[in-house]
Amino acid sequence: AAQLIKEGDSVIINVGSTSYYVAQEFKTKKNIIVITNTLMIFNELAYYKNLTTLFLGGLFNSEMQVTYGDDTIEQLSKYKADKLIIGMDGIDINAGATTYNHFEDTIMRLMMERSKEKILIVDDSKLGKVTFAHIAPLTDFDTVVTNYVPQHEHYYENLRDLGLNVITA
């Protein structure tokens with residue numbers, strides 16, 4: 001997923017362990033702008049001179065280590081990013097992209113709205129899974145990046161049939 005981010009790109013990235021691992025790869029990038037509401041990602045990237053890192057303010061959820069609420073929405077609304085790297089708790093062909101984080105669902109939808117290219121990152125345990133809050137139909141995304149598991153080949157094909165670029169690692 002990090003290889004999809006090129007020099008000069010602006011990228012929004014949300015909370016999650018997979019998002020964090022992708023963000024770590026940004027350290028070697030040059031001249032990119034990273035926008036996040038995730039404290040762990042901000043702390044990981046803030047001191048690298050080759051990156052410009054913007055942390056969205058707002059109410060702080062100490063358990064998830066993210067900001068949310070009206071202030072976060074207002075600040076995010078100022079920006080338009082080239083790409084979005086977004087993790088989900090579940091993706092399902094019919095139910096779409098879903099999350100457990102109901103307090104952050106509005107932020108996630110706005111992240112999608114404010115980004116030109118939407119890259120969905122999920123590990124194989126999220127495939128076919130439906131969780132609490134619906135974020136978007138899968139057709140709203142451009143690319144899905146996941147780990148390769150031979151038993152899921154039919155699922156990858158179903159995603160391609162929806163028009164998604166599927167990248168397996």
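**Ground rules.** The model is predicted, so I kept to its limits: local features need pLDDT of at least 70, side-chain atom pairs count only at pLDDT 80 or more, and totals for chains, interfaces and linings use all residues. Residues are numbered from 1 along each chain as its sequence is written, and side-chain values use heavy atoms, with hydrogens and water left out.

**Entry: the open sheet.** I looked up the strand order and found β7-β8-β10, 3 strands in an open sheet with antiparallel pairing. Strands are DSSP runs of E with at least two residues, helices are runs of H or I with at least four, and both are numbered from the N terminus. Two strands pair if DSSP finds at least two bridges between them. At the edges I noted β7 (90-92) and β10 (133-136), each pairing on one side only. The twist from one strand to the next averages 35°. Angles run from 0 to 180 degrees between N-to-C directions, with axes fitted to C-alpha atoms, for helices over the stretch in contact.

I then checked β8 (residues 96-99), which pairs with β10 in the antiparallel sense over 3 bridges. T98 has H134 in β10 as its bridge partner. Helix α4 (residues 105-113) packs on the sheet and touches β8 and β10, and its direction makes about 10° with that of β10. Contact means heavy atoms within 4.5 Å.

**Entry: D9.** I found D9 in the segment before β1 (10-13). Is D9 buried or exposed? D9 is buried, because its relative accessible area is 11%; the cut-offs are under 20% for buried, over 50% for exposed and partly exposed in between, with a 1.4 Å probe and protein chains only. A polar atom of the D9 side chain lies 2.8 Å from the backbone nitrogen of K6. The side chains of D9 and K83 make a polar contact (2.8 Å), that is, a pair of N or O atoms within 3.5 Å, one able to donate a hydrogen and the other to accept it; residues adjacent in sequence count only if both atoms are side-chain atoms.

**Entry: helix α1.** In α1 (residues 17-24) I listed S19, Y20, V22 and A23 as buried. The buried residues fall within an arc of 165° seen down the axis, so they line one face of α1. The arc is taken from the directions from the helix axis to the C-beta atoms. Their cover includes β1, α2 (39-45), β6 (81-87) and β9 (115-121).

**Entry: β11 and β12.** Strands β11 (residues 143-146) and β12 (residues 165-168) pair in the parallel sense over 4 bridges. T146 has T168 as its bridge partner in β12.
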